[in-house]
Amino acid sequence: MTHTSSTKEIPAVGAIPKHIAIIMDGNGRWATKRFLPRVAGHVKGVEAVRGMVEACAKRGVSYLTLFAFSSENWRRPAEEVSLLMRLFVTALEKEVAKMHANNIRLKVVGDLTRFDAHLQKMITAAEEKTANNQGLTVTICANYGGRWDIIQAMNRLQKDRIAAGQSGQDVTEDQLSAYLSMAYAPEPDLFIRTGGETRISNFLLWQLAYSEFYFTDTFWPDFDAAALDTSIQSYQNRERRFGRTSAQVTEQTSTQESK
Ligand code: IPE
Ligand code: IPE
Ligand code: MG
């Protein structure tokens, strides 16, 4: 079974977002502003990830999804790409045991086949170790692209249907979304992009259909718990209508409350 889609369920007004998805952008500019190599920004960026995981766990967020490396980021200079890979390995080495101790479930989604065998093994081991944890689910999107996700879901669904002798039949949204790489999570309630750009950059295209967007100029290494709280406050002041009128939403949430 897939998770209830957040486009079908109206969360209570003022609720903490169940799922926060973040494009962690601005590491390079954070470093350049300080006359440091871009690398230094990525190192600081990993520290910010640690802080964000802790802050989200404390606030009772259930899912935190972080865009760490896009399918387009291979276009960067080879040196920067290999440094990012090394940072990924070190972060896994250092953090997984701590995450496990804190009841955090770690997931890594994206086309992992392009990573070297050692990194792939580490990812599998980390996921297996933390699989039964009941606390915050942290998803790292690595070599991830929203279009890749939709296509891989379609291809896997098609294969299963051919095997079941059902090819040629129309596909429903629920059937397809069960094959998306984050089928285990509800859709993001709050989408955050740091670093000043106001674009999706091929992140969760399907899943962001009805998410609330929050953009900030703050560079990722500076995005701390206080900055997170500001974004959550902005989220809590919004009325999510999912196509309905404001009056309908007020009516529906008051009946939900009186139940
Ligand atoms: C985000 O920061 C981290 C990754 C994409 C890996 P950037 O490296 O994109 O930082 P800017 O946008 O150049 O400042
Ligand atoms: C998006 O950031 C991807 C990640 C944060 C991993 P980029 O900095 O690569 O995005 P663009 O290329 O500026 O849109
Ligand atoms: Mg960037």
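A pocket here is an open set of points on a 1 Å grid over the protein atoms alone, with protein on both sides within 12 Å along at least five of seven lines, and its lining residues have an atom within 4 Å of a point. A molecule sits in a pocket if more than half of its atoms lie within 2 Å of the pocket's grid points. Because the model is predicted, local features need pLDDT of at least 70 and side-chain atom pairs count only at pLDDT 80 or more, while totals for chains, interfaces and linings use all residues. Residues are numbered from 1 along each chain as its sequence is written, chains are lettered from A and ligands numbered from 1 in the order in which they are written, and side-chain values use heavy atoms, with hydrogens and water left out.

Around ligand 2 stand Ile23, Met24, Asp25, Phe67, Ala68, Phe69, Ser70, Asn73, Arg76, Arg193, Arg199 and Ser201, a residue being counted if one of its heavy atoms lies within 4 Å of the molecule. Strand β2 (residues 63-70) supplies the largest share of this shell, four residues; helices (H or I, at least four residues) and strands (E, at least two) are DSSP runs, numbered from the N terminus. By type, the shell holds five nonpolar, three polar and four charged residues, where Ala, Val, Leu, Ile, Met, Phe, Trp, Tyr, Cys and Pro count as nonpolar, Asp, Glu, Lys and Arg as charged, and the others, Gly among them, as polar.

The separation is 2.6 Å to an N or O atom in the side chain of Ser201, 2.7 Å to one in the side chain of Arg199, and 3.3 Å to a polar side-chain atom of Arg193. On its own, ligand 2 has 390 Å² of accessible area, of which the protein covers 78% (Shrake-Rupley method, 1.4 Å probe).

Ligand 1 also sits in the largest pocket. The residues around ligand 1 are Met24, Asp25, Gly26, Asn27, Gly28, Arg29, Arg38, His42, Ala68, Asn73, Arg76 and Leu84, and they divide into three nonpolar, five polar and four charged. Helix α1 gives the most to this shell, with three residues. Here the backbone takes part: a backbone N or O atom of Gly28 lies 2.9 Å from an oxygen atom of ligand 1, and one of Asn27 lies 3.2 Å from such an oxygen. The side chain of Arg29 has an N or O atom 2.7 Å from an oxygen atom of ligand 1. Of the 380 Å² that ligand 1 exposes when taken alone, the protein buries 86%.

The UniProt record, an unreviewed entry, annotates Asp25 and Asn73 as "active site"; such annotations may be inferred rather than shown by experiment. These residues span 49 residues in sequence, yet no two of their C-alpha atoms are more than 12.1 Å apart, so they gather at one spot. Both Asp25 and Asn73 belong to the lining of the largest pocket. Asp25 is found in the loop between β1 (19-23) and α1.

Definitions and conventions
Polar contact = N/O pair within 3.5 Å; in protein donor to acceptor, adjacent residues only side chain to side chain. 1 Å grid on protein atoms, 1.4 Å probe; cavity = no way out; pocket = protein on both sides within 12 Å on 5 of 7 lines; lining within 4 Å.
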